[in-house]
Structures are given as C-alpha cells and as structure tokens.
Amino acid sequence: MDRIAVALWSSLLEYQKRAIGIGKLSPEELKTKRHSFLSEAHQRMSRNLAKDIAEGGRGRFRQRAKSSKDWKGAGEALFIATCYAEGIEGVGQDTEEAAIWYRRASIAGSSEAQVHLGAAYGAGNGVIQSWKTAVEKFGKSAAQENASAQYLLATCYSSGKGVTKDESKALALYRLAAAHHDSGNPEAYASVCCAQNALGDCYNHSTHGVTRNNIHAIKFYLEAAESNCGPALMNCFEHYLNGTCGFQRDFILAIKYLRDAAVQEHGNALHLIQNIVCESRACMACGKPKATRKCARCCKYRYCNASCQMVAWKHPTASHKLRCQGAHSPRGNQDASPFTSRACSSGANLESAFMAE
Ligand SMILES: [Zn+2]
Ligand SMILES: [Zn+2]
Ligand SMILES: [Zn+2]
C-alpha cells in the first residue's frame, strides 16, 4: 500500500476510534467501504491541494488544515505532510515542510503524524536530530495505541537510544504492537510484522527476560513472514536452511523464503539467491552444489537426480509444480512434461528423461 493510502486509512481509523453514534462504522462496514473511502478521500484532497497550489499556497484548504484542531483537519494536515515527505501530488519533496505539517497534524490529534514526527527526529529529517525528542513523540503516539509507535519505542528501550535501556519495557511494547495483528487492519500498521519478528528473536535468543522457546519463536517468525516482513523472511530462510531454532531442515522452504525476501528487495537476499542458483548451481531440492540435471519444462531448476526432482515436485507447500507452470524460458517448453525432455519419447523413465546439462 502506498503511503498516501496508509495516511488516509490511518486517519479514518483514528477518527473511527473516537467516533460515537451514527459516525461509527462496524468493522465489516469499514472493510467493505475501504476502497471507496480511500479513492473518494484521495480525489477530494488532491483536488483541494491542486487548487491551493494554483492559488500560490494561500488557498483555503491549507489554511483550514493549518488551524483546525479536529479530526478532519488532522487528516488533511497528515495528507499534506505525506505529500511533502514523498514529493508527490504536485508538491516538491521538502523534509522541513513535511515535519511542520506532521507537527500540525499531531497537535490536531493524529497519532500517525506523531510517529512520523518522531521518526523525523530520529533520522534528523527536516528537524535537528534528537533521539530524546523522538522517544517523546513515540511515547505520545504509543499512548494513543499506535502500533508503529509502540514498535519504534520498543526498539529505543531495547537499544537505549534516547532513553535509559529497559528490556522489560521493550518486551511489553513489542507485545502491544504485535497484538494489533488481529485488529483486522494490519496494512495500516506496517510495524506489526517487525514486532512479531522481534518477539521471535526474543524467544530464539532468550533476550529481554524471555525464556528460550522454539515453539513461540517459530510461531512469531512465520506470522511475520506471512506479512512479507523482510527480516522475518531472512530468519525463516536461515532456520529452514540450517535446521536451527526448532525448524525442520528444509532446503526447498529455505529457498522459498529467500526468494520472497529478494522480491521485497531485502538486504542481500537477491545477491544470495543469485549465488546459490548461478554460481554454486545448487540442486533446488537438497542444496548440493554443481547439480547437472535440469527440469525439462522450465529449463531453470537444477537437480542432482530424479529423486531430488521428485522431492521438489511433490513438496506439500512449496512444490516446483507451482513455479514451473509460470516459468517462461526461451529454451523451456511449456507443454512438455517436466520429467520428459523434448528429445525423449513419452515412455522414457524419469532418470533418462532429464535434460542433462
Ligand atoms: Zn516487518
Ligand atoms: Zn539434490
Ligand atoms: Zn520446472
């Protein structure tokens, strides 16, 4: 989800949290109206901002967003802040202006703006860098039950940045942030997955006063990985690869998580997978290097032999069947059986049916 959508959606959720009577929508109504609300609000605000820019920045939209102390004004100020932060909607990127508008929106009550303002202080983006001020902003936002603020404040307590190090406070905040996971609106809280991953680390390494527990660690890592959390995907990759932290060693699953991390452009995931596939030419079932046989359909996946290929083909959750059908290779033959090379007759046995290197 793009940042404008996150800003608009979090504004609506914050408004809903405080709404009473007819202004309050049920979770189901929120879900069904989500798309129409977002596009309607986006169009309205874009239109107002464009008019405002045309009037030389002194238009009514900006004036109202600047002075109003209600939820509508908070949402509008957060929208303008996001435009400055990203340099979109006809507004040039300007971190100082973004910080000014984040501050206005947080004064009007937006906890989402408050956490962005805290992050700006942490990074020194448009304001004078100060972890102490960042912690103060995160604290105010976390008190409004903002999951991102709870997570970021936890990392400060965990590392002692801008605040006295306190691992038990960090743990409590990680738990609060991770608990938003079943709030029904996880996409508005990008930090929920990172809190889950951090809890996985606590249980795996026995830190923050937690007793080592593989079952809890695996649960948190897998939940976070399901939300495509980069660090969690890498944790799952390493543990499936090495059979550590109570994970059952499974090279096929390890590669699946590494590939997902590469898609998220996380760290060196892409480099790692290129190494495994291109340089060490690993068997995609067992991981042994210098595999000489290839799947005859996609001409991409290498295996040691027919039994390795069969293991990959029959994998219960990450079968090569699912990827092979979508693979397009100039040398590949989409209609061919993966076990039968074009040169082989249909009666050939699996071993001879491989397309050898
Ligand atoms: Zn994450
Ligand atoms: Zn193999
Ligand atoms: Zn294939």
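Are Cys 298 and Cys 324 buried or exposed? Both residues are buried, where buried means under 20% relative accessible area, exposed over 50% and partly exposed in between (1.4 Å probe, protein chains only). The model is predicted: local features need pLDDT of at least 70 and side-chain atom pairs count only at pLDDT 80 or more, whereas totals for chains, interfaces and linings use all residues. Residues are numbered from 1 along each chain as its sequence is written, chains are lettered from A and ligands numbered from 1 in the order in which they are written, and side-chain values use heavy atoms, with hydrogens and water left out.

The zinc ion (ligand 3) is coordinated at 2.1 to 2.4 Å by Cys 295 (SG), Cys 298 (SG), His 320 (NE2) and Cys 324 (SG). Donors are N, O and S atoms within 2.8 Å of the metal (3.2 Å for Na, K and Ca); water is not among the atoms, so sites may look incomplete. The angles among the 4 donor atoms are 104 to 117 degrees, and the site is tetrahedral, a term for four donors with all angles between 85 and 135 degrees. Along the chain, the donors follow the spacing C-x2-C-x21-H-x3-C. Cys 298 lies in the loop between strand E1 (293-294) and strand E2 (302-303) and Cys 324 in helix H16 (residues 320-324), so the pair ties together parts that are 26 residues apart in sequence. Helices (H or I, at least four residues) and strands (E, at least two) are DSSP runs, numbered from the N terminus.

The zinc ion (ligand 1) is coordinated by Cys 193 (SG), Cys 194 (SG) and Cys 229 (SG), at 2.3 Å. Cys 193 is buried, with a relative accessible area of 10%, while Cys 194 is partly exposed at 22%. Across the whole structure, a search finds 0 disulfides, defined as pairs of cysteine sulfur atoms within 2.5 Å.

Aromatic pairs number 5. Rings of Phe, Tyr and Trp (its six-membered ring) pair if their centres lie within 6.5 Å; planes under 30 degrees apart count as stacked, over 60 as edge-to-face and the rest as tilted. Tyr 151 and Tyr 174 form a tilted pair, with ring centres 6.0 Å apart and planes at 45 degrees. Tyr 151 belongs to helix H8 (residues 147-159) and Tyr 174 to helix H9 (residues 167-178). Tyr 151 is buried, at 17% relative accessible area, and Tyr 174 is buried at 6%. Tyr 240 and Tyr 257 are stacked, 5.7 Å centre to centre with 10 degrees between the planes.

Definitions and conventions. Tetrahedral: all angles 85-135°; square planar, octahedral: opposite > 155°, others 65-115°.
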